[in-house]
Amino acid sequence: MPEPVISIRGLRKSYGDFEAVRGIDLDVQAGEVFAFLGPNGAGKTTTVEILEGYRKRSGGEVAVLGEDPEQAGRAWRERIGIVLQSCRLDPYLTVRESLGLYAGYYRAPRPVEETIELVGLGAKADARTGSLSGGQQRRLDVGMALAGDPELLFLDEPTTGFDPSARRQAWDVIEGLRDLGKTVFLTTHYMDEAQRLADRAAIIAAGEIVASGAPGELGDRESLPTTIRYRLSGEEVSVETRTPVTDLHELTGRVVAEGLDLEGLEVTRPSLEDVYLSLTSESGEDER
Amino acid sequence: MSGPALVAHQFRYDQKAFWRNPAAVFFTVGFPVILLLIFATVFGDQTIDVRGGIDTTAYYVPAIITLAVISATMQNLAMTLVIAREDGRLKRGRGTPMPAWVFIAGRIGNSIVLALIMLALVAALGRVLYGVAIPWAQLPEIVVVLVVGAAAFCCLGIALTAVIPSQDAAAPIVNALLLPLYFLSGVFIPEDELPQGVTDFANHFPVRDFFQAFFDAYIPGGASGMDWGNLAVVAIWGVAGLLLAIRYFRWTPRGG
């Protein structure tokens, strides 16, 4: 198995007495879109900023592209791209100039025109960034992180506060990154975002990882009970079962044989949102 | 790109952003010009009792250039760097391979070029409007004083950002420091009108030293020629500012 792009073992980070990250382990493989999920204050940004080299850890081992981010230098920065959780761009530069400014920082930048197309800002290339909508600014922000043609991209809550259509456009951009073969480390507190974009995800709550895996399998969703609901002779019935197929077969066979009907028959698996909410609420309230 | 090429790259974009920012252009370029016009108009054709008596306008040309240099450097940097820091742009830039010194060098270069532009502009206005001779023979001294002073006030401006907590606080803090010093140092009020105690007090601050050094260079005829002592004091302030900046400058927003 090739060396992971990001490898974290026993990572800890304290601010005074408060332990924001309490010993987490993670691996992210090359070419993966990895979603780091959790509510506000769970330790997402602290973790991602340690990976980016902005913060020093209190304990544990971290390797990003084979280097310790605390020690890594210019050559390492050539290979990563960063979108911060909040950053206002220089309002007096245009889209093309903002990308040109950042491209100039790298030895082997991606051509600016290509980046403009990639983030879907072709029509706005000569507009000042101050005149862009929030969603467009965020896409430019992603474009600036791509200016150096990095292998690994960090996106810290790229769609927080967006309206649905702006989110969808941002998602299209991120899916485009996957097609380019980039490794993406994405933090989000939206379950649907992880589901839509990520190959794998981990959920962090109160500084600890409470679940990880493919988004569809997070929190052992497969093994959680399925709920069967129906009305029979005016009576509401709700059954939780781990063998929904046999139970349903038996139930419908009996009802058909007796010439009855099941009104409002519903079979529901726990949604990812349910799993997420149950996992993150167990581990305490919003801290910090 | 090599270091110098990166600095040139950064400088080019800083220049673009500066000239498109109406507030920055007004305070750096427009405001000193307006002050020159006001002082020249109000105090008209009086004579000021320095250097054996010189025209008011001849006094105010170097005075306003002094102010314009400090405005283009200390004031401009303190304000734009705090804004960029709180916007998260400084932090973002630190996430790229661009070395931190390149960014700072680009900004300092931007400020020094603005200071030189203001020298040319105010000197030309003084010549055209008020007939204040441009001391061409003194040009080397003038440029040396201006560049050393500009660099020193850049360092002081960068150091000052450490005590400015937010974007909103930037202008009040910078003005609260500089405006009184302009009055006390003879930049706004001719120094023959100022009590001795006031100039003695102002002598403790670099605005006064820089003004005296620049005045010496611009208006020849001081008793013993160019006195470099004032400029040395300005340079020492600059080095102190640089050390404080290296120690206390922060790249990440304070508000988060």
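# Aromatic pairs and nonpolar cores

Over all chains of this predicted model, the count of aromatic pairs comes to 24. One of them brings together Phe39(B) and Tyr60(B), whose ring centres lie 4.7 Å apart and whose planes meet at 10 degrees, so the pair is described as stacked.

**An edge-to-face pair and a cluster of rings**

- Tyr59(B) and Phe211(B) form an edge-to-face aromatic pair, in which the centres are 5.9 Å apart and the angle between the planes is 80 degrees.
- Here, too, distant parts of the chain are linked, for Tyr59(B) lies in helix 3 of chain B while Phe211(B) lies in helix 9 (residues 206–218) of chain B, 152 residues apart.
- Tyr59(B) is buried, with a relative accessible area of 0%, and Phe211(B) is buried as well, with a value of 1%.
- Ring pairs join these residues into a cluster whose members include Phe39(B), Tyr59(B), Tyr60(B) and Phe211(B), along with Phe43(B), Tyr182(B), Phe183(B), Phe188(B) and Phe215(B).

**Charges over rings**

- Within chain B, the charged end of Lys16(B) sits over the ring of Tyr13(B), at 5.1 Å from the ring centre.
- Between the chains, the charged end of Lys91(B) sits over the ring of Tyr54(A), at 5.2 Å from the ring centre.

**Nonpolar cores**

- The largest nonpolar core holds 122 residues, of which Ile65(B) and Tyr218(B) touch the most other members.
- Helix 3 of chain B supplies the largest share of this core, with 17 residues.
- Leaving aside residues up to four places away in sequence, Tyr218(B) touches several residues, among them Val61(B), Pro62(B), Ile65(B), Leu119(B) and Ile142(B).
- Another core, of 29 residues, lies apart from the largest one, and its members include Ile8(A), Ile24(A), Leu51(A) and Phe154(A).

**Domains of chain A**

- Chain A is divided into domain 1, covering 6–220, and domain 2, covering 225–268.
- Taken over C-alpha atoms, the centres of domain 1 of chain A and domain 2 of chain A are separated by 45 Å.

Note on methods:
Residues numbered from 1 in each chain as written. Chains lettered and ligands numbered in written order. Predicted model: local features only at pLDDT ≥ 70, side-chain atom pairs only at ≥ 80, totals over all residues. Heavy atoms only, no water. Domains from an automatic or database assignment. Phe/Tyr/Trp six-rings, centres within 6.5 Å; stacked < 30°, edge-to-face > 60°. Helix = DSSP H or I, 4+ residues; strand = E, 2+ residues; numbered from the N terminus. Buried < 20%, exposed > 50% of the residue type's maximum accessible area, 1.4 Å probe, protein only. Lys NZ or Arg CZ within 6 Å of the ring centre and 35° of its normal. Core = buried A, V, L, I, M, F, W, Y, C linked by side-chain atoms within 4.5 Å. Contact = heavy atoms within 4.5 Å.
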